[in-house]
Number of protein chains: 2
Amino acid sequence: MVDDVVVSELRAGLPDGAVVNEPDLVASYARDMAMFAPSEQPRCVAFARSTADVRHVMRVAARHRVPVVPRGAGSGLAGAANGVAGGITLVLTRMDAIVEIDPANRLAVVEPGVVNLDLRKALEPHGLFYPPDPSSYDWCTLGGNLSTNAGGLCCVKYGVTTDFVLGLEVVLASGEVLRTGRRTVKGVAGYDLSRLFVGAEGTLGVITQATLALRPLPAAPVTLVATFGSTAAAGRAVQDVALAGVVPSLMELMDSTCIRAVDDWKQLGLDRDAQALLLCQSDSGGSHAVAEIERVAELCRKAGATEVHTTDDVEEGQLLLGARRLALPALERYGATLIDDVAVPRSAIADLLDGTDRISAECGVRIGVVGHAGDGNMHPTVVFDVTDEDEKARAYDAFGRILELGLALGGTVTGEHGIGTLKVDWLAREIGPVGLRVHAAIKDALDPLGILNPGKVFRAPPRVG
Amino acid sequence: MVDDVVVSELRAGLPDGAVVNEPDLVASYARDMAMFAPSEQPRCVAFARSTADVRHVMRVAARHRVPVVPRGAGSGLAGAANGVAGGITLVLTRMDAIVEIDPANRLAVVEPGVVNLDLRKALEPHGLFYPPDPSSYDWCTLGGNLSTNAGGLCCVKYGVTTDFVLGLEVVLASGEVLRTGRRTVKGVAGYDLSRLFVGAEGTLGVITQATLALRPLPAAPVTLVATFGSTAAAGRAVQDVALAGVVPSLMELMDSTCIRAVDDWKQLGLDRDAQALLLCQSDSGGSHAVAEIERVAELCRKAGATEVHTTDDVEEGQLLLGARRLALPALERYGATLIDDVAVPRSAIADLLDGTDRISAECGVRIGVVGHAGDGNMHPTVVFDVTDEDEKARAYDAFGRILELGLALGGTVTGEHGIGTLKVDWLAREIGPVGLRVHAAIKDALDPLGILNPGKVFRAPPRVG
């Protein structure tokens with residue numbers, strides 16, 4: 001393997017073994033988990049162990065105008081970490097220190113390579129809790145969570161990643177180090193730069209440290225499961241819970257396709273005639289939680305639930321939640337999956353379910369819907385045979401039709417997975433030409449050479465004037 | 001009064017009477033409530049009634065490269081709405097429609113001129129609640145709240161303005177209309193532009209509409225008041241409440257100067273020997289709230305409180321909160337006030353109180369401290385005789401020393417009031433040269449002519465290269 005000048009210069013400033021350019025190894029870092037998301041073969045992979053390492057990579061990249069793609073564990077679902085031809089894929093998983101836990105000020109300082117679950121485990125003995133819990137929480141890294149503004153099951157009560165960011169250390173395209181935000185709960189000194197980098201999918205800078213706000217560890221949850229004979233009834237229940245002013249700590253929904261897929265696999269005795277299953281928890285503690293779940297039960301019955309079951313037994317609650325977590329792997333037993341991520345107004349959930357059923361019939365592909373009903377963020381998942389080119393095309397068509405449906409219902413094309421390379425054209429549709437021009441202007445201001453994760457999130461529109 | 005071409009062009013596109021250039025009238029719109037914040041005499045004042053009006057103003061301003069200062073009610077405390085010589089002060093108070101309240105999706109769409117309290121009143125019949133509650137909530141407007149990312153008493157539990165922004169309509173410097181965000185709870189399509197405009201103090205665009213997230217109306221609060229013989233004991237109580245995982249809906253603190261000032265004025269029978277008074281509420285409802293406040297009472301006693309009183313009587317709670325709200329007017333009886341706004345880590349509250357006492361002695365000015373102890377955001381308020389130039393200078397010196405102290409304690413120079421013209425030099429100190437350059441680059445990207453509220457928040461640093 002002959003090193004090119006970029007690889008040589010990278011190696012000159014990084015520890016031994018930190019730069020890999022063996023094509024097969026490089027290829028293994030060229031994609032995240034997203035099907036259909038375009039990716040290219042990078043020139044090399046660089047592993048950073050410190051902010052200084054990241055600065056070195058950015059300086060070499062700037063000197064040679066070579067793209068840099070920051071990357072964590074690779075659990076992404078939109079291709080944001082996919083390789084760019086000739087670029088450097090910068091892997092941050094080795095920057096995995098939990099730098100500080102400060103219980104009095106309820107904050108933690110972390111490096112980007114810390115696995116979400118590892119932070120949760122480290123916080124528990126302090127009675128503290130970092131809420132964002134994407135489904136991949138046992139292997140995704142916080143850097144990726146920050147860069148995609150990850151959500152999860154907790155969002156209906158606690159919010160998403162950006163709601164827990166107090167401050168960041170970011171290496172800019174120039175190699176300079178920017179510190180944003182603060183360690184205090186409140187602060188309005190200058191522009192909110194932290195939240196500009198959160199969700200920017202690595203196109204504006206490389207996050208090398210984050211100061212995260214924490215919450216007190218909540219009480220063990222009380223759980224409800226309810227089944228419905230129609231999507232409309234389930235949708236009404238979700239809406240009525242919101243109208244009643246109840247804020248559950250979790251409110252998940254599975255459609256009939258998912259219910260049957262899980263039951264086919266695990267024989268859990270789920271109601272196979274149900275059109276929707278709702279799972280709801282309260283972590284408010286003691287009698288308060290019981291009362292909240294009783295109220296939800298009452299509203300589910302009023303909305304026409306066929307069966308409602310509640311429990312304050314934690315293990316039983318975990319079992320019920322387990323069935324929900326099985327939905328995606330259960331669908332994967334039938335073929336490859338293309339996971340959509342639309343978020344619609346809470347009041348439009350039934351319309352989204354019904355519309356997805358229509359699209360499934362029209363395109364001739366199985367689509368199971370599972371998702372975060374409490375905040376209207378649903379994951380219609382298209383199942384297809386990856387060896388059947390015609391079915392693959394129909395699956396991709398269905399995927400697009402669902403995005404179209406989400407937009408038509410007043411929603412967004414991505415509730416929590418991001419744009420990456422997968423939905424670049426859809427972003428343009430959602431935000432329109434003025435929005436695109438503002439994106440391009442900000443990108444240009446922070447990365448004038450266009451070397452940070454180019455081609456992700458949006459394509460720069462032609463300049464005017 | 002001879003109209004200049006700018007005024008003529010403004011008038012040509014706006015309703016009769018919407019442009020005022022009579023100097024005395026113009027002068028009355030040249031300042032907000034901040035003492036010491038530089039201000040200049042604008043060329044004219046324009047009153048907008050619609051987004052189209054705002055676009056017209058921005059287009060005329062861009063054509064003639066004339067500064068535009070957006071302004072709401074003028075309740076600001078940092079001079080962000082202060083006039084710029086030769087500029088147009090654009091008043092948005094007449095855009096005061098509550099466009100929509102959507103209970104199922106817990107959101108409201110508002111124009112910038114809506115008074116904070118008017119929104120709260122309109123939401124109540126729907127069982128809904130918009131938490132941010134700056135002290136001026138009965139006359140400040142939501143546009144100003146958004147532009148300064150206003151806080152208030154609720155923040156310790158509910159967060160600040162930016163936490164409630166789903167989407168914005170913004171008129172850019174070019175006169176184009178940008179729509180940011182969405183109507184859904186979650187969404188990660190593209191950069192978080194909403195939160196870039198929130199807190200930007202009108203330097204990046206003019207907010208003409210906002211989609212705000214709402215919460216269910218909380219239960220009537222249970223209240224605690226506790227007095228302490230030392231600031232250290234009060235500080236410990238605040239910290240122990242946080243460590244115990246209790247999240248009160250309000251946690252306010254008054255120092256001995258404020259306690260005596262209020263008692264001198266209203267003879268409420270407050271403990272005049274107390275060094276600090278802590279006021280705490282829980283709005284969690286029923287027995288849950290009672291239990292939370294009992295836990296806080298226990299922690300206050302353990303920390304050495306001299307007296308602790310709790311009540312679930314709503315009127316009594318309001319009376320107690322009333323004493324806290326009297327702190328500032330009570331101090332104003334002794335002279336002019338210069339209100340500081342430092343936020344420090346919760347664990348540093350006692351240090352801030354003690355340091356402020358030292359500064360008071362060193363500078364020979366009375367300083368009362370009142371503030372939001374639960375989130376470490378305190379308002380040391382310097383009292384001085386405005387006709388005494390020497391005392392005025394000492395007051396301004398004390399003001400600066402407090403900011404320095406806040407920074408030294410790991411805090412920020414502004415927790416919720418903003419930078420405006422008052423703290424431009426302090427922002428530079430807090431965020432450093434890289435932070436300043438990023439601010440300038442973003443400003444330049446969105447307002448290349450530099451016409452939007454120039455001189456506010458930061459001074460552009462010299463360009464490099």
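Modeller: A polar contact is a pair of N or O atoms within 3.5 Å, where, within protein, one atom must be able to donate a hydrogen and the other to accept it. Please keep in mind that this is a predicted model.

Colleague: With that in hand, how many residue pairs are in polar contact between domain 2 of chain A and domain 4 of chain A?

Modeller: Four residue pairs, with both partners at pLDDT 80 or more, are in polar contact between domain 2 of chain A and domain 4 of chain A, whereas the count of salt bridges between these two domains is zero. On the side of domain 2 of chain A that touches domain 4 of chain A, four residues are nonpolar, four are polar and one is charged.

Colleague: Where do these domains lie in chain A?

Modeller: Chain A is divided into domain 1 (5–91), domain 2 (98–216), domain 3 (218–326) and domain 4 (334–422). Taken over C-alpha atoms, the centres of domain 2 and domain 4 of chain A are 29 Å apart, and nine residues of domain 2 are in contact with eight residues of domain 4.

Colleague: How should I read the size of such an interface, and what area do domain 2 of chain A and domain 4 of chain A bury between them?

Modeller: The size of an interface is often given as the accessible area lost when the parts come together. Here domain 2 and domain 4 of chain A bury about 540 Å² between them, with 45% of it on carbon and sulfur atoms. Within domain 2 of chain A, the residues that lose the most area to domain 4 are A:G152, A:V156 and A:E201, which together make up 57% of what that side buries.

Colleague: And what area is buried between chain B and chain A?

Modeller: Between chain B and chain A about 5,900 Å² is buried, of which 61% comes from carbon and sulfur atoms, and B:K186, B:V188 and B:Y191, the residues of chain B that lose the most area to chain A, together give 16% of what that side buries. In terms of contacts, 77 residues of chain B meet 77 residues of chain A.

Colleague: How many salt bridges and polar contacts are counted between chain B and chain A?

Modeller: There are eight salt bridges between chain B and chain A; in the one between A:R437 and B:E176, the closest N and O atoms are 2.1 Å apart. A further count gives 26 residue pairs in polar contact between the chains, both residues being at pLDDT 80 or more. The largest share of the side of chain B that touches chain A, 13 residues, comes from α15(B), and by class that side divides into 35 nonpolar, 28 polar and 14 charged residues.

Colleague: What rotation superposes chain B on chain A?

Modeller: Two copies of a chain are related by a rotation about an axis and a shift along it. In this model a rotation of 180 degrees, with 0.0 Å of shift along its axis, superposes chain B on chain A with an RMSD of 0.0 Å. The two copies are therefore related as by a two-fold rotation axis. The same surface serves both copies, since 100% of the contact residues of chain B recur in chain A.

Definitions and conventions
Residues are numbered from 1 along each chain as its sequence is written. Chains are lettered from A and ligands numbered from 1 in the order in which they are written. This is a predicted model: local features need pLDDT of at least 70, side-chain atom pairs count only at pLDDT 80 or more; totals for chains, interfaces and linings use all residues. Side-chain values use heavy atoms; hydrogens and water are left out. Domain bounds come from an automatic or database domain assignment. Contact means heavy atoms within 4.5 Å. Buried area is the accessible area (1.4 Å probe) that two parts lose on being put together, summed over both. A salt bridge is a side-chain nitrogen of Lys or Arg within 4 Å of a carboxyl oxygen of Asp or Glu. A polar contact is a pair of N or O atoms within 3.5 Å; within protein, one must be able to donate a hydrogen and the other to accept it, and residues adjacent in sequence count only if both atoms are side-chain atoms. Ala, Val, Leu, Ile, Met, Phe, Trp, Tyr, Cys and Pro count as nonpolar, Asp, Glu, Lys and Arg as charged, and the others, Gly among them, as polar. Helices (H or I, at least four residues) and strands (E, at least two) are DSSP runs, numbered from the N terminus. Copies are superposed by least squares on the C-alpha atoms of residues with pLDDT of at least 70 in both.
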